Amino acid sequence: MKRSHDKDLSPDPQRPFVTGIEYYRPPTPRPEFWDGDLATIAAAGMTIARTFYSWDWSWPEPDRFDFSDLDELMDTAARHGLKFWIDTPLGTHMTCPIWMIRQHPDMRAERQDGSIQRATSSGASPHGAMTHNFDHPMWRVYAEQYLREIVPRYKDHPAMGIWGTWDGIGFAAAWSGGGGYPPYNDYTIARYRDWLKASYTLDELNERLLRRYASWEQVEAPRSNKAPAEMLLYRRFHYENMADHLGWMADLVDQLDGCHEQRSHGTSYPEPRDEICSPVIDSWGLSHHSADRLTSSDPYSVACECFGFLSCRTMGRNNRWWNEEIYSSFVGGIAPREKRTIPEESTMFLWLTLIEGGAGGLYWQYRPEYMTFEAPGLSVMAADGRPSPRWGAIETAIGQIGQISAHLPVIIDPADIAIAYSAPSSEIFTFGGQENSFVYEQRGLYRTLWKHSIPQDMVTPGMDWSQYKLVYLPNFALLDDIAVARLRGVLQDDAGPAIVADGHFGTFDGKGHWSFEPPEGLGDLLDVRVVDFDMINDHDVATAANVLRTEFGEYPVAAPCQYLILEPQGRMKPIAHIGDDVVGVQSADGRFTWYGISLCCTDATAVSGQPMTDQKTTGVVHPDVALPLVSRHGIAPVCRFAGDRLVAYRRGSQLGGSLLFLLNVERRTARTTVTPEWPVTAVTDLLTEAEVPVNAGAFEITLEFGDVRVLHCSGS
């Protein structure tokens, strides 16, 4: 497959940051709206629209394709100077053509409990959610036939922009039910056995799984997450299998086209499949909600979405990624789930996509999805197709981004601190029913540092960590060979980064079993043992036996949570306690620190008055812990504020100098003095084209709620 740098990846070479909107999911909107709608989209400064074009719609009979509507849509787009992003959801979203299932009944996905996926619908696919298993031997035959029809038809069309090669990549029929388990068809399990045979002898497999299989025919796919060692293997097979299918499609599309970018799409936060699947496609993407952040009691929870942006940039090949679904709300019609998205949220997330190095941002969607309960609310237009309050704000933001286009794309320098993501650890928490806890605790330190304008990166064990001053490992529970090798290399390098781990660090070995000697594989380097496991329960909270004592202060733990009791040995010293139990240790040189409890437990102020189920959704690390934890390693904010708080990002400009992005997420007019961490002698407001007076390296800023200020800074 062609590499990213072999293609012109921009659908609009005149715009280094592309904006657009999802428009057409057959059969809505109806054709009589297209000309007017696309004219409005183009007039707003958007240059790309997206169609979620399902193959059951365009392939109604085995010997007949019908692309007549897409022909007309593309021609209409071309008249208005728009490009189209064509999604071909052959994988996870949308049912396959009905005739295909009737000809091949065994193509229906078999679920974990042995039931067969029947025809169904979903909020995103009223005509039919995914029924088929793409491991069926005929799936590639039909997928190739379809791609050979649609790709040559549009590859040279003036409105052709991007191929959406696999949207929402995931397990077959996972979005149609099945409890999040992979499929279990006989042909899938046969592929799994072949995958195992390529890596293990039967004796080696028995050793890994602690089994006594007498033949390969006895090897079954695990059907419960309660068998973590086996389920880790089965899910790993499926991720590699998805990457193989995705790579096959990408190769075929490149053979047929070879010029236009291809992208695939994960979810809002890092997932175990991302690092495996993203390298085989030109760019990665995500979707995310845009409501209930600036309208909540904690507007700095915007950081939750920014964490997803960082993850996408980390995983995307050559760091190329798209924010392809900025949900315009998820009000949900007669069953509302969120408040409506306010204009300030709609524009804030577009700016944050640009700041985090995204190739572009697309809104979901233009008109309501009239056929499902995604409507009303999930659109930037009202039900009658006329503008909502969000539209004008989006149009203004697009114009402002155009004003700074000469400085784009932004240049992102490495941060001093990286948050480490462990895919197998995420799996272990999922198997234990703690998937949400893992996500909330994974981003807890990030959220605190984001609020204080401290730059951060993300890494995985397969990446280089040497350039950082500090790497933070939240719940790095499973240490496989790759993770152990990375950590040993860091700990044995006197010039390497410091390590701070918390929670279940190294409590599982690479096979997925509990470790006999945690932290797994590092016992000769780290003089600490896990003595026992305990938890703070409701009684402890009621009797004030819930206090975590650290070098930074004492923190009552507001809700039940688990912790590890540690025993420091040799040159390791205790640094945190709950009662008489040691729950935190640090090496004599300060380069390795381990808290046996999630540092998110230190902050109770953000969750006071909320039930425990809601507390985890707001998990952050207390700033009195987070800030000294990083400052001791020379990690500082982008700038200092004397006055009201803003959030700041520093990026490089294509014209030289630095771009300072300032954001106000609080419902007040912010007035503050800004002192950048680097020498600044001249500042230009790029949106007003006014010079900002600088005095001794500092300057005054006034910023309204929801606004973004873009300053070009020059130094001496």
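Student: Okay, contact means heavy atoms within 4.5 Å. With that in hand, which residues does Cys713 touch, not counting residues up to four places away in sequence?
Tutor: One thing before that: this is a predicted model. Setting aside residues up to four places away in sequence, Cys713 touches Gly657, Ser658, Leu660, Trp678, Val680, Ala682 and Val683.

Student: And where is Cys713 found?
Tutor: Look in strand E29, which covers residues 708-714.

Student: Is Cys713 buried or exposed?
Tutor: Cys713 is buried, because its relative accessible area is 2% and buried means under 20%.

Student: How far is Cys713 from Arg140, C-alpha to C-alpha?
Tutor: Their C-alpha atoms are separated by 53 Å, and the two residues are 573 residues apart along the chain.

Student: New topic: cores. Which residues touch the most other members of the largest nonpolar core?
Tutor: Tyr23, Ile150, Leu352, Trp450, Tyr649 and Phe661 do, out of 170 residues in that core. Helix H8, residues 228-256, gives the core its largest share, with 16 residues.

Student: Let's do charged residues. Where does Glu261 lie, and is Glu261 buried or exposed?
Tutor: Glu261 lies in strand E5. Glu261 counts as buried because its relative accessible area is 1%.

Student: Which side chain makes a polar contact with the side chain of Glu261?
Tutor: That's Arg320, with a polar contact of 2.8 Å between the two side chains. Arg320 is also one of the residues that Glu261 touches beyond four places away in sequence, a list including Lys7, Leu9, Trp163, Asp282 and Trp322.

Student: What about Arg313: where is it, and is Arg313 buried or exposed?
Tutor: Arg313 sits in helix H10, residues 302-315. At 12% relative accessibility, Arg313 counts as buried.

Student: Which side chain does Arg313 make a polar contact with?
Tutor: The side chain of Glu356, at 2.8 Å. Not counting residues up to four places away in sequence, Arg313 also touches Asn319, Trp321, Ile412, Gln456 and Asp457.

Student: And Arg273, where is that found?
Tutor: In the loop between strand E5 (261-264) and helix H9 (274-277). Arg273 is buried, with a relative accessible area of 11%.

Student: Which backbone oxygen lies 3.1 Å from a polar atom of the Arg273 side chain?
Tutor: The one of Ile169. Leaving aside neighbours within four places in sequence, Arg273 is in contact with Ile169, Gly170, Tyr239, Gly266 and Thr267.

Student: Then what is the phi of Leu210?
Tutor: Near 55°, a positive value in a residue other than glycine. Leu210 is in the loop between helix H7 (202-209) and H8, and Leu210 counts as exposed at 62% relative accessibility.

Student: And what is the phi of Glu689?
Tutor: About 60°, which is positive although Glu689 is not a glycine. Glu689 lies in the loop between strand E26 (682-685) and strand E27 (690-692), and at 65% relative accessibility Glu689 counts as exposed.

Student: Last one: how many cavities of 30 Å³ or more are found?
Tutor: A search of the whole structure finds 3. The largest cavity holds about 80 Å³ of space, and its lining has 7 nonpolar, 3 polar and 2 charged residues. Phe52, Met94, His127 and Glu369 are among the lining residues.

Methods: Residues numbered from 1 in each chain as written. Predicted model: local features only at pLDDT ≥ 70, side-chain atom pairs only at ≥ 80, totals over all residues. Heavy atoms only, no water. 1 Å grid on protein atoms, 1.4 Å probe; cavity = no way out; pocket = protein on both sides within 12 Å on 5 of 7 lines; lining within 4 Å. Points joined across faces, edges and corners; volume = space filled by probe spheres on them. Nonpolar A, V, L, I, M, F, W, Y, C, P; charged D, E, K, R; others polar. Helix = DSSP H or I, 4+ residues; strand = E, 2+ residues; numbered from the N terminus. Buried < 20%, exposed > 50% of the residue type's maximum accessible area, 1.4 Å probe, protein only. Polar contact = N/O pair within 3.5 Å; in protein donor to acceptor, adjacent residues only side chain to side chain. Core = buried A, V, L, I, M, F, W, Y, C linked by side-chain atoms within 4.5 Å.
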